[in-house]
Amino acid sequence: MTKHAAGTVSWVDLAAWDLEKARDFYGALFGWTFDPTSKDNGYYTMARKNGQHVAAMMPIPKDAPFPPAWNTYFAVESVDRSVARLKELGGKVMMEPMDVMEAGRMAFCTDNTGAAFGFWQPNLFNGAGLVNEPGAMAWHEAKSRDGAKAVAFYKDLFGMTADKMPDERMQYWVLKKDGGETAGVMQLDDRTPAEVPAHWMTTFSVANTDEAAATVTAKGGKVLMPPFDSPYGRIAIVADPGGAAFGVITLAQPA
């Protein structure tokens, strides 16, 4: 991947509970290597797979008002215009637009149902250099208490269309940009504990979902939803030792 189209997810990073332990966990799980980092950039640590940047992680302060989590960033042509439109649509800005040296420009926000995500306007850094390969991001979905409201928000914000899945067991929409599937929106149902907020979740590709779930457990994480088969591949929902949740999937091979 050399460029991510505006309105598609271009990057993910982890607000980590402990940087060294996170490197050990994700290195074992995904085979990531890590670029050198320093205090100068807040210990923002880039992860690579097959030589390509695939994600990053940074430590969060012990007194941070938010828990460890994976953050999702959408590529945009203008962060400032996107933030202005987000405000019109009822979203909230958590971090106003700012330049990240010469890499690009970013902002961090929540949608109109409370799910947090970021905007990324690339300059020297376009985002993930690898997707849909083991050890790289493969899918992203917003989990919201009001799915229809969130869907309308993202359609307006990014010029997307949405297809509702014909599954009576859950409320799920696939967001599309220029005809391509870019992300999903799932409505949290009554079985989800009330304290679970609206959030975005990233799913990473792995070579073997069952082996990945076993590695998560062996390295101190938790399997939240054991491996199961879907039309898209075999999936598990897991959490790292700090509690940050994410998915792993062995992508189904095209027929």
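I looked up methionine 101 and found it in the loop between strand S6 (92-100) and strand S7 (104-110); strands are DSSP runs of E, at least two residues, and helices are runs of H or I, at least four, numbered from the N terminus. This is a predicted model, where local features need pLDDT of at least 70, side-chain atom pairs count only at pLDDT 80 or more, and totals for chains, interfaces and linings use all residues. Residues are numbered from 1 along each chain as its sequence is written, and side-chain values use heavy atoms, leaving out hydrogens and water.

Methionine 101 has a positive phi of about 45° although it is not a glycine. Most residues other than glycine have a negative phi. Methionine 101 is exposed, at 71% relative accessible area (exposed is over 50%, buried under 20%, partly exposed in between; 1.4 Å probe, protein chains only).

I then checked aspartate 178, in the loop between strand S11 (172-177) and strand S12 (180-187). Its phi is positive too, about 55°, and aspartate 178 is exposed at 73%.

**Helix H4.** In H4 (residues 209-218) I noted Thr209, Ala212, Ala213 and Val216 as the buried residues. They fall within an arc of 100° seen down the axis, so they line one face of the helix (the arc is that of the directions from the helix axis to the C-beta atoms). That buried set packs against helix H1 (19-30), strand S14 (222-230), strand S15 (233-239) and strand S16 (245-251), contact meaning heavy atoms within 4.5 Å. Exposed Glu211 and Ala218 sit on the face turned away. After H4 comes glycine 220, with a positive phi near 95°.
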